[in-house]
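Visitor: Hi, I'm new to reading protein structures. Could you walk me through this one?
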Amino acid sequence: MQTDEMESSMESPNLEFEYGDTDILTAELSELYSYTEEPEFSLNRDYFEEDFRSHVRGRRWVQLGVEEQKAYVMRLLDALEVTDRDKRLKVARAILYLAQGVFDDCDTDVDVLYWSRHNVFLLYDMGIFTALLELLSMEIDNNQACSSAVRKPAISLADSTELRVLLSIMYLMVETVRVQTEDDRPEWRSSRAAFKAELGSPLDNGEPFTLLLFTMVTKFCSMNAPHFPMKKVLLLLWKTILFTLGGFEELQELKVRGRERLNLAALPEDSIKVVRAMRAASPPASAMELIEQQQQQKRGRRSRRPLVKQDSLDTYNERDPFKNDEARDEEEDADDADSGIEGEVDPLDRDVIIQPPPPPPPLRPPTERVSFPKGLPWAPKVREKDIETFLETSRNKFIGFTLGNDTETLVGLPRPIHESVKTLKQHKYVSIAEVQIKREEELQKCPMTLGEEEVEETPAEILYLGMLPNLSQYVIALLKLLLAAAPTSKAKTDSINILADVLPEEMPITVLQSMKLGIDVNRHKEIIVKAISALLLLLLKHFKLNHIYQFEIVSQHLVFANCIPLILKFFNQNIMSYISAKNSICVLDFPHSVVHEMPELTAESLESGDSNQFCWRNLFSCINLLRVLNKLTKWKHSRTMMLVVFKSAPILKRALKVKQAMMQLYVLKLLKIQTKYLGRQWRKSNMKTMSAIYQKVRHRLNDDWAYGNDIDARPWDFQAEECALRESIEKFNSRRYDKNQNGEFAPVDNCLQSVLGQRVELPEDFHYSYEMWLEREVFSQPIQWEGLLQGP
């Protein structure tokens, strides 16, 4: 690992990675299939050809007119309703072959994608998706298959055949219709809008399609259906939410429209464009320094130097070179204590910690320096609360009393304070969340005066309403799957088996087969991490825009389910190795594998992998997980302290070695919020990281993140902060979604005769014990009549 870490730091080139909702279409389609499913492509083709030839003689599918194609699809649709399970599976495979692009009639990948797109829109127009939905519901409720799978000692691909075929067709339909192209026909555009509305609206059972997939996830994680093909379920779930709610660009548009509706100032910049224009900074340690450290370690010297180059200081992982040996040893012991995260700190970092900086060599190649931009990329922001705090401090200092939340009155304050307030107000930013919180407080305070709130039936609102009763189960299930798929997780006997839809019936017997399966398993786990990370981020962003308390309840469930240490554990690995992992076999990827001749696979070709500089899905997953961590900890003092307690700083600093601007930005944001709690010595030893934070992260004008002056005034009370938030969430949910909420506001009958005249339902046996009740409750109770005569 020491050598790996050193090599990765030596290479660490700038990564030409463009972040987006998804990868290119061919990559997204190929990730649906495991390499062990490869023989099923020809099986699908054979079933289609067998049925097609019996009905259409002498012609190929691509030679038919649209009406003839529709007539054939209608015949397949009728055949789907047969009771014979095997016949139904054959028809489903024929439909899957159509959705895959009738690849036997095609010569190139482009032809396959063209016919796949044509056929998918045709299938949707003929109502295939609705029929598949009914079959999927039947398979989910198939108790015989579930009980059979639970009893099996080893589950393989064969146990989930029907489910995999159905989910594959549905995924191909959702992903193909979701992606817009310039040459889309007008009828395709209308089909896309109809399909989007259909997926987002409640089905026959009153729940949207997304909830059916969430139910599959929870059923799998509770061990009631271990044969469910979880990778396909998660991919379909992610793409369905992406399609119905919208991606990052749609989110930006929704945010702009939401601010206009609330009469708030326009956004200072487009965050997507700013991030794309950023350039990566150099990592905290250079390769030459790591080589020098290793040589010094081999020589076994422990020399002392009074002055050290700043770049080298960043390497020494928060260690102060000026401390004496005893202090350094004590700090090492403290840091090696259990931090609440499984797995050790990287061995290289531990070795570096022990050794002091080596003397610089006489000849040294020029190291890459950070180029400071002419202007900062982000416009500074100030909250209303920050201005109030600033004025409160200033009034206490100069006048001796405060004026509460008044930010207008500046009487008695010196001129520089006037200028400061003016500058703060110029950069004041009011978020949609602040407006929603204020509005919620008003609705709670005056429920009768303000009346019922009009809630817009947005796709996000429909989804939240459906998820609310079982929200904690969904969150815990997703985190269980993320934990099982994380590369840092150790295999445990009681953990869930996520490899049910990748392991073949017969285990490999040759070295080549074993290597292929090993690559397939690693790729399978990477795809699961990709789907879950993107899914969690989308849910958090859409719920936050829809209503802040919907976001807060999902966040709190994630925090209580240990999401923060789980993500830190994920990053506690050689992150450069993970991002440059080559767990793919290009010649086996769809659609290349079904069009071109298959070359002979050798152990050497499998080892060399592809020629890509990095793995897109792994870098995408890392950025998504960092963004989720940022969402959970932003403006939450207690959760920021969790980052400090779990010793996230060295883990995050290692992630800065990845030279990709967007990933570095979110790492630096996480370091910025905890900088003030890491101590002066850490800041002194990490000035390069501090400079990068200053350059790349948005400034809050009166935030003393780099100094930490207010630490003593803010004790860490995790429980109180989270309980107060939970109370606000429960009030919101009760007011907005509880149908019996107005019981306490029902009119009261104050007329004595009317109240006494009401018929009261008494139990049948009441008259048997009536006399005993009178004796006990009335006659034997002393009544103080004089009390009525006494004044109040």
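Guide: Happy to, and here is a short tour by question and answer.

Guide: This is a predicted model, where local features need pLDDT of at least 70, side-chain atom pairs count only at pLDDT 80 or more, and totals for chains, interfaces and linings use all residues. Residues are numbered from 1 along each chain as its sequence is written, and side-chain values use heavy atoms, with hydrogens and water left out.

Visitor: How many helices and strands are there?
Guide: The protein has 40 helices and zero strands. Helices (H or I, at least four residues) and strands (E, at least two) are DSSP runs, numbered from the N terminus.

Visitor: And how much of it is buried?
Guide: 49% of the 792 residues. Buried means under 20% relative accessible area, exposed over 50%, and partly exposed in between (1.4 Å probe, protein chains only).

Visitor: Which residues touch the most others in the largest nonpolar core?
Guide: Among its 186 residues, those are W61, F209, V217, L481, F571 and M663. Helix 25 (residues 511–546) gives the most to this core, with 15 residues. A nonpolar core is a set of buried Ala, Val, Leu, Ile, Met, Phe, Trp, Tyr and Cys residues joined through side-chain atoms within 4.5 Å.

Visitor: What does W61 touch?
Guide: Leaving out residues up to four places away in sequence, W61 touches several residues, including F48, F52, Y72, W115 and L122. Contact means heavy atoms within 4.5 Å.

Visitor: New topic: where is F401?
Guide: F401 sits in the loop between helix 19 (384–398) and helix 20 (415–426).

Visitor: Why does F401 count as partly exposed?
Guide: Because its relative accessibility is 46%.
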